[in-house]
Amino acid sequence: MTEREAIVRADKAHVWHPYTAMGRYVNEADPLVLVRASGAYVHDADGRRYLDANASWWVAVLGHAHPRLVEALRRQSETMPHVALAGVTHEPAARLAEELVAVAPDGLSRVFYSDDGSTAVEAAMKMALHYRHLRGERRTRFLALDGAFHGETLGCASLGGVELFRRPFAGVVIDCLHAPSPATGDDDGAARALEAMIRLVESEGDSLAAVVVEPLVQGASGMRMYPASYLRELARVCRAHDVLWIADEVFTGYGRTGTMWACDHADVSPDLLCTAKGFSGGMLPMGATLVSERVFAPFLEGGATFHYGHSFCGNPLGAAVAREVLAIFREERILAQAAEKHATIAAAFERFRELPGVVRTRSLGMIGALDLAESSSYLGTIGWRVYAEALQRGAWLRPLGDTVYVTPPLTISSAELDELLAIVEASVRAAVG
Ligand SMILES: *Cc1c(COP(=O)(O)O)cnc(C)c1O
């Protein structure tokens with residue numbers, strides 16, 4: 001048995017994979033066995049390399065194994081890999097909070113660290129509930145969007161608006177209203193969704209702990225996009241009705257939509273903002289919830305304690321790497337140098353509209369997506385045919401059902417991006433034609 005075969009055997013005997021139909025996987029799959037990742041590429045045990053079309057589930061915004069991040073991790077691991085953060089502090093956590101607030105939307109001034117995107121959202125939900133509790137208000141429900149994805153804990157899953165993901169937990173998840181998604185692909189649909197959202201905030205605001213949205217792009221439900229004007233109006237109506245709103249920027253943050261935060265497109269500041277994924281350069285699991293002074297005030301002046309915290313809150317390794325990510329964004333002008341690539345992605349996906357089988361396409365910043373079915377479904381299979389074709393051509397292009405998309409590292413070179421887009425085109429032609 002080769003080393004590769006031994007790995008696959010151990011894996012199939014013991015590893016339960018995320019979002020994977022395990023019966024099919026164990027019986028039929030010949031999985032990629034990845035041994036190395038560098039820049040925009042992952043390399044497998046057979047010596048082949050693949051462009052990482054989605055930056056490994058959207059996390060590797062600076063590519064894999066960025067030398068400055070590797071060095072920051074090494075340095076920190078030699079001095080202090082981990083200590084708890086309850087009532088003590090250290091340079092990585094303190095400086096990172098200061099540097100993060102400096103680039104965050106105006107008004108967000110406090111940083112609560114957690115382990116990943118799900119816990120960043122979970123913390124935001126508990127903060128909103130606790131805030132209302134301290135004010136003696138019974139506001140315990142949340143309002144989210146159809147098609148929303150906010151993470152995996154039961155709290156986050158309650159916000160989720162993807163029916164398929166919610167079904168097994170029906171009756172257990174917490175009380176959450178859902179408003180129609182504005183990501184309908186046309187202005188009329190977005191306007192109707194906005195009216196529905198406004199009506200819900202007006203009629204249910206008294207019972208709401210918070211409204212939670214993925215700003216501008218609903219990632220997991222198929223890279224569905226909606227206009228910045230919706231976000232501006234949502235911020236306005238929430239303010240008018242004293243309803244907190246939470247921007248889940250776990251996917252959209254760190255330049256994915258072209259600006260540092262998707263909220264920047266609408267020039268709005270949420271009451272709470274969640275970040276993860278690109279936050280630690282996709283290198284270590286780490287998340288943060290940014291909080292406005294208004295929400296923090298009862299905990300500062302009122303003397304309340306937020307009885308919440310994960311073992312690895314403010315983990316020095318993650319914090320040191322996250323600081324280096326921000327330094328790279330500043331010093332290497334990551335957002336500015338990506339601008340040309342936004343245009344390349346936009347032009348390509350405009351062109352892809354003419355490909356056989358393509359129903360519609362869209363793009364924003366470093367995201368391009370195309371649908372291969374009228375109502376694209378997560379259980380659709382056409383996307384997986386494109387996936388198989390793309391693997392043969394040197395790209396790892398995991399779809400969202402019938403939606404094929406790219407979210408490459410922001411640092412992908414122009415030549416690599418051209419190659420990736422050519423592979424998308426050829427693979428769609430081969431799979432559909
Ligand atoms: C991925 C994602 C999450 C969950 O983050 P994890 O790090 O996987 O827990 C939450 N919200 C959004 C918008 C996401 O895309």
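**Strands, sheet and pocket**

Author: The model is a predicted one. V212 has I246 of β10 as its bridge partner.

Reader: How do you know that β7 and β10 pair?

Author: Two strands count as paired if at least two bridges are found between them. Strand β7 (residues 208-213) and strand β10 (residues 245-248) share three bridges, in the parallel sense; the pair therefore meets the criterion.

Reader: Why are β4 and β6 called edge strands?

Author: The seven strands of the open sheet follow the order β4-β12-β11-β10-β7-β5-β6, with mixed pairing. Both β4 and β6 (176-179) pair on one side only, and are therefore edge strands. Neighbouring strands of this sheet are turned by 20° against each other on average, direction ignored.

Reader: What makes α5 a helix that packs on the sheet?

Author: Contact requires heavy atoms within 4.5 Å, and α5 touches β4 and β12 (287-292). The direction of α5 makes about 135° with that of β4. Helix α12 lies across β4, β11 (272-275) and β12, at about 90° to β12.

Reader: Which elements give two or more residues to the lining of the second largest pocket?

Author: A lining residue has an atom within 4 Å of a pocket point. The second largest pocket, with a volume of about 770 Å³, is lined by 28 residues, among them L85, V111 and F296. The elements giving two or more are α5 (91-103), β4 (108-114) and α12 (293-300); β4 provides the largest share, five residues.

Reader: How does that lining divide by residue type?

Author: It comprises 20 nonpolar residues, seven polar and one charged.

Conventions
Residues are numbered from 1 along each chain as its sequence is written. This is a predicted model: local features need pLDDT of at least 70, side-chain atom pairs count only at pLDDT 80 or more; totals for chains, interfaces and linings use all residues. Side-chain values use heavy atoms; hydrogens and water are left out. On a 1 Å grid over the protein atoms alone, a cavity is a set of points where a 1.4 Å probe fits but cannot get out, and a pocket is an open set with protein on both sides within 12 Å along at least five of seven lines; lining residues have an atom within 4 Å of a point. Grid points are joined across faces, edges and corners, and a volume is the space filled by probe spheres set on the points. Helices (H or I, at least four residues) and strands (E, at least two) are DSSP runs, numbered from the N terminus. Ala, Val, Leu, Ile, Met, Phe, Trp, Tyr, Cys and Pro count as nonpolar, Asp, Glu, Lys and Arg as charged, and the others, Gly among them, as polar. Axes are lines fitted to C-alpha atoms, for helices over the stretch in contact, and angles run from 0 to 180 degrees between N-to-C directions.
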